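Please keep the sequence and the structure in view while reading.

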Amino acid sequence: MNAAGFPLLSLLTFLPLAGAAIILFVRGEEAVVARNARWTALWTSLLVFFLSLILWVKFDTSSAGFQFEEKLSWLPEFGVGYHMGVDGISVLFVLLSTALTPLCILASWEAIETRVREYMVAFLILETMMVGMFAALDFIIFYVFFEAVLIPMFLIIGVWGGPRRVYAAFKFFLYTLLGSVLMLLAILYLWYNAGTTDIPELFEYQVPRAAQTWIFFAFLASFAVKVPMWPVHTWLPDAHVEAPTAGSVILAGVLLKMGAYGFLRFSLPLLPEASVQFAPLIFVLSVVAVVYTSLVALAQEDMKKLIAYSSVAHMGIVTIGIFTINAQGLSGALFTMLAHGVVSGALFLCVGVLYDRVHSRDILRYGGVAKIMPSYAMVFMLFTMASVGLPGTANFVGEFLVIVGAWRINPWVAFGGALGMVLGAAYMLYLYRRVIFGKLTKPDLRALLDLSPREYAVFAPLILLALWMGVYPQPFLDFFEASVAALVQRHEAAMSVSRLAGM
Amino acid sequence: MFVGAIFFPLLGACISGFLGRWIGDKAAQWSTVICMVLAAICGSLAFGQVALSGHPVTVEIVTWMDVGGLEFAWALRYDTLAAVMVAMVTFISTLIHLYSVGYMSHDETPSRFFAYLSLFTFMMLMLVTADNLAQLFFGWEGVGLASYLLIGYWYDRESANRAAMKAFIVNRVGDVSFMLGVALTFYVFGSIEFDTIFAAVPQHLEDRFGGIPALELIGVLLFIGACGKSAQLGLHTWLPDAMEGPTPVSALIHAATMVTAGVFLVCRMSPVFEYAPTALAVVTVVGASTALFAATIGCVQNDIKRVIAYSTCSQLGYMFFAAGVGAYQVAMFHLFTHAFFKALLFLGAGSVIHAMSDEQDIRKMGGIWSKIPITYAVMWIGNLALAGIPFFAGYYSKDAILEAAFASHSGVGMYAFLCGMIAAFLTAFYSWRLLILTFHGAPRADHHTMEHVHESPAVMLIPLLLLAVGAVLTGYIFAPLFIGEHEHGFWHGAILNAEHNHILHAMHEVPAWVPLAPTVMGIGGIALAYVFYMLAPGIPGRLATAFRGLYLFLLNKWYFDELYDAIFVRPARRLAMVFWKTGDAQIIDGMPNGAASLAVGVARGAVRIQTGRVANYAFAMIIGLVVFVSLFLIGR
């Protein structure tokens, strides 16, 4: 049936739910329940992660098609089915989700003290939704997962978040929901006209030119909020600031990728002409995002907010890459998404380390931390440099490819994207200088402890990934090479057809 | 051997950086020194094989990226150009490691310092042995990182942190241009590997990009990148501030190696620049202007390291205009000799600072020459070489540069020649000003400091003496190879001079007064400094009062920092606040917050009906779905 010999993707998707169910049935004293919940969640997520490694090993990188496919008929008369599968574009995001979840659970080990059971349940459900979203090959299934991701995240922010968590949770929820409603409308239109919601089948359907425009904007409304693109980005800083550390990691690491993934999966292949027509709009919004949010990041006094704004800037690079619609741009966008998942996730963890100790995210509250936490300072420096896009770290590969790709479309776009290099260096180094460097004058900081073994365990895989992806990115690039090439080819074919039709 | 020269320093950096806490500072220091010695041996052997026997090698390691036709690898490209740099960098870096053992002996965390130093060396070596632009950029940014760490080494000093950040960010401005240059190179050539590019240049002579000849644009973009790293006019502001780092750092990074990366880049890309005359003219003008500009500032600075820093800036200008008139070999030669005497000057200055209990202001020195005779002697040698006094290293290379500029017979060439001549005079002047103020006259330091003035330990003096030997001999020994009769066999095609470029011959056929002129200028400068600071020490003060405006203008470095602060830094900050407080918080959030508060109100209402939020949400979704489906179906 597929390369794994068993329904791997469904297993990856629903195994966390099973873990969540087990945790729910644990009864007893609160401390016991908490411990059990932690361990069960960790083991479940680790199991899922190791299972997902089968994808890494068995995925055929030479093929552009969907692999590990599973198909069940569900509502055949409506053309809606349960269809799972991954191609080069989605497979690594499944892996990213399954890799970050255990790290997040580990990172919440001591930080979460209340309602531990419910927290772990929410996290496992979140994993189900994320994996399901990236693996779904039916538009309805995709939509369900795409929307349902919001629920556990909403709860994680709203229940375990900071003081303004309710405001942040609602803002997060309403922003992202509003956009999605329009997407649903577009899905209904497609289903009505194409008679199916199966994604590979939909690829065969040519959307009429006139309809492409409004569908494009319907998708844009949904995806742009998720990315988030300027000017619908303001939910993100608030959500990040209030979310618990692990929530921020998943939010930055995986959830932000959903919008960009949507563009890649739906907007480009289904709406080639509209994508070309409105690419300049996306470029403008993206360049504005890079410059504007980088500047805003420079003014922040809250560590998490700063990194949140930097995420918006990095996602600006991603959207530039996507709409260049050439091999370098697309590969660069995909790679930046992965790299950003690792690096900004790690940066939020870095902030979490200090927050767990001092309970403040205020930059001015710190200073001179390098003196007492040298290992931490080194880890933080590494990820700072990765975020800045230093060659040899993950982000560089993505940014470099995007800039090379963008130059082929329009040098000014490339220039706008490259400006992020300067501004990014400015805000990250400014952050680092104020937190890590300087004189140690705050008396209570003197008592801080350096990284604990658990924290090392959380950071070690991320450090390895960030460097591996920077120095030897080819294994990752191989994954999406065939799919990206197919996507570009499809796009060019579609454009030439429409050009002929226009003559 | 080829791999060892590059990776031994990395090994040293890892040992010292990661294991330093367990093996102790002494072991960490010496392990980096040993690694550097091994690297230097490998580097010299490689130099022998590649440059002297003429066997270029490329060691391919592994593919880095391969995306839709954009393909390049991690590889070590050893041609003469790279081999010269590898040998020079490993040799000087080894001496500086050794020197640092003495200089940093009172420091708290020497293992961190040595790890940075070795990391820097590794990155520099990656830069010079790159066989494609991306790897070159890796080294380029890597040395930027290492210099950021080293400048900010004493991170509890606010000024050091500022300087480190400034260095990184100013460099990044150049890097943006570099990156765009790489993107354009790929656009034009379909590759960023040197061999492919160089082979394809003749087919792309006529290519245009946006109406501009593509090769010219590549040249200018890459050169702006080079300006950042090599501190040329406009992007030079980071270099003087970078003197906040420990002195060996200044010697290694800001004199001998990193800052010359830009010159190296131009020479490396000579096959492209040869066909980009306008870009070369830009290089010449910027280089010449920097040479003069930095020299004028050097004349009035009072911090011993800053004087030398501006001198570096000025000498880099010389190298650039040499490359700009097409004499890349001469530029490389000056780069090579300069590395020795400038490292010597910085380390000598370090020795002085060490002796003076960390005093850096030359106005508070004086009268110490008899107490630190060896340092005094090597400083003399360094300054003689710098001023281009005959038979010292700088004489061969600087004279050649000025001859080449004269021989180019172009307008920009003459401009460069004039700037270079005046700068040569000023160079000699500020060098002797420094020498006299530091070592001669009545002691101006307080009694306590003077009692402690002492000669440095042997571990610091040995590198000084070796560098002094280099500062005397490298010019004489290597001139025939780099720019003389053996030039062709030595470079072995690593640098391209196009058919229309005869500068290397023409520079030997200039009128007889041209080779003499720099020496005369140099001696004139020395004489003036002698008059001003030995014979009639009242003159400089009176001049400063008489031309107060000019003096302040120079003292404040032509007000570049203030200018940039006013047009970039402060507006950026203000804009940041406007975007954040007004753009984000009021305009963008204003609308949704209204809607949000409305929605929250509605949700509150719904909560009263429903039991919990999740159910409420599901309910709302279903309702919404129903409404939209019905609207949609009705609408059709």
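The lining of the second largest pocket divides by class into 24 nonpolar, 4 polar and 7 charged residues. The model is a predicted one. The volume of this pocket is about 1300 Å³. Its lining counts 35 residues. Nearest the pocket centre lie Ile169(B), Val170(B), Tyr564(B), Phe568(B) and Val569(B). Both chains take part: helix 12 (272–298) and helix 18 (411–435) of chain A each give two or more lining residues, as do helix 6 (158–189), helix 8 (214–229) and helix 26 (560–609) of chain B. Which element gives the largest share of the lining? Helix 6 of chain B does, with 11 residues.

The table sets out their axes.

| Helix pair | Axes come within | Crossing angle |
|---|---|---|
| Helix 3 (91–107) and helix 19 (453–471), chain A | 9 Å | roughly 160° |
| Helix 1 (2–23) and helix 4 (110–128), chain B | 8 Å | roughly 155° |
| Helix 5 (139–148) and helix 6 (150–160), chain A | 5 Å | roughly 5° |

Take helix 3 and helix 19 of chain A. Their axes cross at roughly 160°, so the two helices are roughly antiparallel. Their crossing is left-handed. Helix 3 of chain A brings Leu100(A), Leu103(A), Leu106(A) and Ala107(A) to the contact. Helix 19 of chain A answers with Arg454(A), Ala457(A), Val458(A), Pro461(A) and Leu462(A). By class, this contact has 8 nonpolar residues, no polar ones and 1 charged residue.

Now chain B. The axes of helix 1 and helix 4 of chain B cross at roughly 155°. That angle makes helix 1 of chain B roughly antiparallel to helix 4 of chain B. Here too the crossing is left-handed. From helix 1 of chain B, the contact takes Ala5(B), Ile6(B), Phe7(B), Pro9(B), Leu10(B), Gly12(B), Ala13(B), Ser16(B), Gly17(B) and Gly20(B). Helix 4 of chain B supplies Ser111(B), Phe114(B), Ala115(B), Ser118(B), Leu119(B), Thr121(B), Phe122(B), Leu125(B) and Met126(B). These residues divide into 12 nonpolar, 7 polar and no charged.

Are helix 5 and helix 6 of chain A roughly parallel or roughly antiparallel? Their axes cross at roughly 5°, and the helices are therefore roughly parallel. Phe146(A), Glu147(A) and Ala148(A) of helix 5 of chain A meet Leu150(A), Ile151(A) and Pro152(A) of helix 6 of chain A. The contact holds 5 nonpolar residues, no polar ones and 1 charged residue.

Two backbone features remain. Most peptide bonds are trans, and most residues other than glycine have a negative phi. Val227(A) and Pro228(A) are joined by a cis peptide bond, with omega about -15°. Pro228(A) sits in the loop between helix 9 (209–226) and helix 10 (235–242) of chain A. Phe68(A) is not a glycine, yet its phi is positive, about 55°. Phe68(A) belongs to strand 1 (residues 67–75) of chain A.

Definitions and conventions. Residues numbered from 1 in each chain as written. Chains lettered and ligands numbered in written order. Predicted model: local features only at pLDDT ≥ 70, side-chain atom pairs only at ≥ 80, totals over all residues. Heavy atoms only, no water. Axes fitted to C-alpha atoms, helices over the stretch in contact; angles between N-to-C directions. Helix = DSSP H or I, 4+ residues; strand = E, 2+ residues; numbered from the N terminus. Parallel < 35°, antiparallel > 145°, perpendicular 65-115°, else oblique. Left-handed = near helix turned anticlockwise from the far one by under 90°. Contact = heavy atoms within 4.5 Å. Nonpolar A, V, L, I, M, F, W, Y, C, P; charged D, E, K, R; others polar. 1 Å grid on protein atoms, 1.4 Å probe; cavity = no way out; pocket = protein on both sides within 12 Å on 5 of 7 lines; lining within 4 Å. Points joined across faces, edges and corners; volume = space filled by probe spheres on them.
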